Structures are given as C-alpha cells and as structure tokens.
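Keep the 3D view open as you read.

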Amino acid sequence: MSSEQPPKRPARVVKRAAASALPASVTPAAPHVASALAASSPWAYAPAPESKELALIRPRYGLFIDGQERAPASGEVVITYNPATEEPLAEVAKGGVEDADRAVGAAERAHRKVWSRLAPRERAKYLYRISRILQERSREFAVTETLDSGKPIRESRDVDVPLAAAHFWYYAGWADKLEYAVPGRRPESHGVVGQVIPWNFPLLMLAWKIAPALAAGNTVVLKPASTTPLTALLFADVCRQADLPPGVVNIITGPGEMGMAIATDPRVAKVAFTGSTSIGIKIAQGIAGHGKALTLELGGKAANIVFEDAALDQAVEGVINGIFFNQGEVCCAGSRLLVQESIAEDFIARLKDRMSTLRVGDPMDKNTDVGAINSPAQMETIGELVSSGVAEGANIWQPECVLPERGWFYKPTLFTNVAQSHRIAREEIFGPVLSAITFRTVDEAIEKANNTAYGLSAGIWTEKGSRILQVAAQLKAGVVWANTFNRFDPTSPFGGYKESGYGREGGLQGLHAYLKSS
Amino acid sequence: MGKKGGKKRELRGSPLLGAVAVPDDARLEVRRTPKLYIGGAFPRSESGRTDVLPLARGGSVNIARASRKDLREAVKAARSAAPAWASRNASLRGQIMYRVAELMEGRAAQFRNDLLSHGYGKSEATEEVTASIDRLVWFAGWPDKIPAVLGGTNPVASSHFVFTIPEPTGVVAVVAPESSPLLGLITRLAGVLAGGNVAVIVASEGAPLPAVTLAETLAVSDVPAGVVNILTGRRAELMPHLSRHADIDGIDLWGCPDELLMDAERGAADHVARIARRPHGEKDRANAFIGERGERIDGMIAFLEMKTVWHPIGT
C-alpha cells in the first residue's frame, strides 16, 4: 500500500509488527528494495477499491433446509467478521445436532422422492442453470467472498468465482453420461452426502463438493466453515433461483460437533471433508465401521523445487504465487522452497526483491496481492509457528511494508537456513510464510521433497523436459506443477497422497468419488 | 457352497492328510510343513507358535501362528520390495502375474487337495481352482490398461498440458476373504499387484492351506521376493497391529470379521491409510467372487493414487 489510503479506511497508518510473538530479530529489507512501495516509488499505486455495495449482505441468515430458511433449534447466532476491518458482517445461525438431523432428513426425502427419479438430463439442466446464475451474479459473489474471507478481490473475482461456476458447468455435462464414466459397470448414486468445507476457498470448495455430488444423483447436506459462511448462504439463494427441488441441497452453519453429527448420521452414505489432517482423522474415526464412503482432502507442505537451469524470473513468480496466493492459506501452497545450492544466493535475492513489491493490505483493493488473514485464531497459529522458526535457529526476513492498522494482516515472511527438522519445514503453517531449503543433486531434491507426512502438491522449475518427467514421477504428491503453480481446473483431479488424504476432486476421478459402481 | 466339515472321503497322495492309513508296504509320505512366507523365505513364526487345524477327512495340520513381530518383518520385506515392483513396466507386471497363473495350473491338484482338506466337495474344489487361475489371468491383463481407463489427459481451460496417471499407494495389507480361501484371496491380491502395490496377506483363518500353496507357487515364480508376503494365524490377534502399523499404506478389509471392523478402520484412520472393504451389509461369503460379478476391481482402485501433472504450453 502507498501512504494514500482509500477514503473509507482509517487515515492513520502505522507500521505494525506482523505477529505479537515475533519480530525482535527481523532483518530489515535490503536498502535497494526497502522503499519500493513508498509513495515516491514508481511502484506506488493509487487505491482502486471495489465497491462493497455490490454485496447485498443481510443482517441475519438462517439455515437452508428443505428449500427454506429456518431458525436453528438453539435459537443462537454467531457473528461473521470482515477480517480486513474486524467489523461484524452478519449474524449467522448456530446450528446443532437437531438441525443436522432435520437437514439429513430433508436430503434423504429429496433423494428418494425427487432427485433419484429425475431424468439425468433434467438433473444436468439444473446444474447448467446454477452455473449460469453464478456467472450472472459473479461480482456479488466475489465481493461477498472477499469481505467474509479476507482474500484479495482480484483472486475471488478471477479465480474463486469463475472456477466455481466452471465446476458446475463441467459436472452438469456428466449428469446424463454416467454410464460413460464407469465403463462396464453400473453407476449409482450413494444417496445422501455429508460435506464439510474449509474457510480458505469458501465458494470454490462448495462447488467442488456440490457439483459432482448432484451430477452423480446424490443430495447433499453441506456445512460451510464457521468464519466464512456467507457465500454458501448466498448460494442457497442461487438454488432457490434455479428452482432446484427442495432438500436436494441443504446448507447448515454451525460448529464442528454439528459437522460430526452430519458425518455420523446413519442416513448419510458418503462423507466428503476438506480441512486439516487432524480433523479429517477424527471424522474417519468417527464413521469407522459404519460402511460409509469417505474422501478426505487434508493438509499439505508442498515443496517447490527450483533447479539451477530454471528460468529464474519465472520461477520467482511461481514461488511467489505458490506461497502468497490467498495469503498462503492454501492446502497446496508451495510452503517449502527447495532451491539448488548453486543458484540459492541469487535466487533468494531475487525472491526478496519480488517480495518487497508485494502489495499487502485492503483485500477490496484491486491492486492488492496479499489480503487479510481469515481469523485471529489463524493469526495466532501463524505467529506461533513463525516464532518456533526463529527459536529453532532459522533466519527470518520480511519486507518493509506497511500493514493496515485494523484487520488481521501478516507480512510476507521468508525463512532461510531452515533445517528439515524445523517445525516450519514440517508443519502446515497456512499463512504467508516460506521456508527455504537448499539441495545439491536431483536425488537429494526428491528425497527432501518427499520427506513429509503430506503429499498434496509439488512444484518443479527446470528447463529440462526429461528431468521434469523424472522428478514428477518420483514425487509423492497428487498434483505436480511443472514450471507453473497453483493451477486448478474442473477437468483436472486434485487431491493428495499420504496424510494429505484420499480421493480426488475434479475431473472424471472426482465424479467416481460420488458414485457406487456395481 | 461352503465347508462340508468332517465328511470323509478317500484322498490319494495328499501330503497333508496325516490320518490316511499307510499300508505296510507303501512308502511313507513326506508331509509338508506349512510356514509363513516373508521376503521370499519360509520362516516359522518367530514366536514358535502353531495352531492345530483339524482337516476335513480326519487328521490335522499345524498352521504357523504369526505374531506381531512376524507382521513387522513382513511389512519391512514388503516396503523394501515396493520401489522395484512399482517401477516394473506395466506390461511386464502383467506377464509376471500371468506366469503365476501358469504355475497355479501346474499345481492345480495341490490347490484342489487343499480345498478338499478344508471340506470342499470335489466339484466345488475343482471349480474354485480353475476360477482362481482364470481370475488371475483376468487381472494379469489389467496393469497396462489401468492408466487408460482410470487416468487420462485433462482438457483444462488454460494453456497447459495436463495428464493424470494412477500410481500405486505402496504397501497394502490384505485381510483375505475368510470364506473364499483361494478365489477370494486371488481376487483381492491380484488387484493390489496389478496396480503396482506390494502385499502383506493375512490368509483365511479357517482355511489357510490354499494360501500356503500359493506362497510356495509364488516362491518359484517371477514375482520378486517381498512383493507378496503371506501370514497365517489369528485375525483377532493380528488386526489391531496391522491396522495401526504406520508403514502400511492401505488395508483391504474384505476378510475382516464384522466385530473387528470398527477398530480396524479406526486404526487405519490414525495414519490416513486407504481402505477397501466389503460393500456395506454384504457378508464374507463363499460365492462373492464367482463369475463376472466376482471380477471386483474396487480393491485395485482403492490403492491407486491419481497423480496430475501440469505443464504450460508455449515458448
């Protein structure tokens, strides 16, 4: 951000330490980049805020069950905040076990009486309709998403919302072609599907879950994350607008116990969860022995491997995108940089240079690169892990940048001199924190990349094609981006190896997860 | 179909039937000692334990009762065999599996005798053996088809070339079907092998002899040592350790008794192990693997990891 502020923001801008626990030892940025974002710099941008008025956020939201908005059994509400301003956005129903029971009942009835009897081509048309409505209302969704989650408007506008619409579009076409999806077998829907999604890509994760489930003929009960319920509740309105039969999609907000109640309900035949590995394990244990199908998309600690022959400037962009996209609150974030020793010094210098020009601040500003951290709890997690990095002896570096006074923001952070045993090299931080490790040989790079309990994604940067294929084959990761990073597409499956979970979302493989085949 | 317990019939030439009377002038048969199969070797259980298993036509046989340590040794052997098996080209993997079918054909009589010993009727036993050999041939054709059927190229909207290939999960424990001791075992094992995984098998507890003979067949086949390891013993004793062994990447729970299933799945969840199991509500029954319906590939698919690789198109 420059010193010029958008009018709605507090005029006072102070430099603020990124995390309470941190910063005594933070090295100042190199002099030549330190003031890259100062007002006098050619890099300074005038504010370009998106209008909040595009989001028609209501003061209060109920649960979406059986096509209707209902008050929760508890009568209680929770408040969802704008992470960039710490201001309350809306009151949202605090659902519970009773509400879960009611939602599953509605989904079960809708499956039995309506959705499973509907001609597949009609099912397809509902999904096409939903996709179209998402496209038509894309700006409203993007603004709501950014206000509720803290992610930059540029990302919600250009990535989250169009991809969500594209997912519905893609799976719409599968709904009446299921026999081609499972050649030689007779595909059937599971019935009622219980889905629990995280706060980092609220609408996109909803689309990844609901689109293939409906296409395969299931009905769903979905629980959005507690801190980011608004686009899911707005999606309920899309379902109504599309005249989707009541009960086919049920969206209920509430705490983790409610999510577990959905998962363990005997009428729920399939469970899909995206979130942390620890919660995923709890869900898998909770439904053990119940004969339910389960897919898990859990944490990650991706290695982004830069070989000495890589196109360095492109690799820098890729590494930056890999870790700072959505503030690093991405399960497939390239949070470990593995850089070949021969170019490490040069590469780190270029990386710092580029980090110094990242614009951190108001997510509603169209020029913002790094927005707000989703919640104070997540701020704390990031701060705690960063402190551990400092305590364990890694070298921390952060660019000089001015963070807004209000809101939950964290400076882009780079650790060098990181050992594989450090917590910042092993644990998922889910924040804008990159841990750099060096390697000498290809084998060493592969070994270090695979030296993690996770296996969601990885990146390879080299100009040598044969090396890409060799390394890609040996990486234990579900998605390998070569000379690119953080690319997603509805036609392309996404999901992890090892403790990053099982099952895939997207593509034909993502459809299989929602079909029984006999 | 099932066991015809205790029904006595004459059985010639079985090395297993101790109770068959030997005429004075006949040569005394050399009996086989059923052992475990770990890393290509045939050890007894390190615990020194055996269970006495009565045979259908009288007499009994001592079955090695694998311990937790035997299980660990088997997993270790499997893990070290995994990379080489996974990196065999798919066509070769299929040929190696086909070769096992060839050898099974040659030992059909022994497999049949094993089943007779467990109380199968003659025609049932013959059918189970031939169906098992045919099933293995069926699966031998899979390895080089899997990527085309389950993977592919993805027509993404951006300018990237993107493909998805199935890869093996790694070490898979197979709790073999209890009531289909040969056909069920072959079906579950073949899916795992076709996908490029290595296996640690817990054989049918009540009818382990076909698994013992399979071990002896594999030992002289081209399947490298450690790719298949076979344990005999008690499920209730092995299951808790098997499901919680952190170096087991996947578990086929088809043969897991209902009362052990919840604990086994919890154990697997601890380290996010992949699982395959009987369809909900389906019993572990002898006819589950018969005919085309028995060509079950769920146990093959469950232990495949889809890897998607992206690369930009352009200069």
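How many residues of chain B are in contact with chain A? The number is 28, and they touch 33 residues of chain A; "in contact" says that the C-beta atoms, placed from the backbone, lie within 7 Å.

## Before we go on

This is a predicted model, where local features need pLDDT of at least 70, side-chain atom pairs count only at pLDDT 80 or more, and totals for chains, interfaces and linings use all residues. Residues are numbered from 1 along each chain as its sequence is written, while chains are lettered from A and ligands numbered from 1 in the order in which they are written.

## Where the chains meet

On chain B's side, strand E4 (160-168), helix H9 (258-270) and strand E10 (304-312) each give two or more residues. Helices (H or I, at least four residues) and strands (E, at least two) are DSSP runs, numbered from the N terminus. E10(B) brings the largest share, 8 residues.

E10(B) also runs parallel to strand E18 (residues 479-482) of chain A, joined to it by 3 bridges; strands pair if DSSP finds at least two bridges between them. Here Trp481(A) has Trp310(B) as its bridge partner.

## A helix with a buried face

Now for H3(A), a helix of 17 residues (120-136). Its buried residues include Tyr126(A), Leu127(A) and Ile130(A), where buried takes 20 or more other C-beta atoms within 10 Å of a residue's own, exposed 12 or fewer, and partly exposed is in between, with C-beta atoms placed from the backbone.

The face turned away carries exposed Arg121(A) and Glu122(A). The buried residues of H3(A) pack against helices H4, H5, H7 and H8 of chain A.

How values were computed:
Contact = placed C-beta atoms within 7 Å. Expected span 1.5 Å × (residues − 1).
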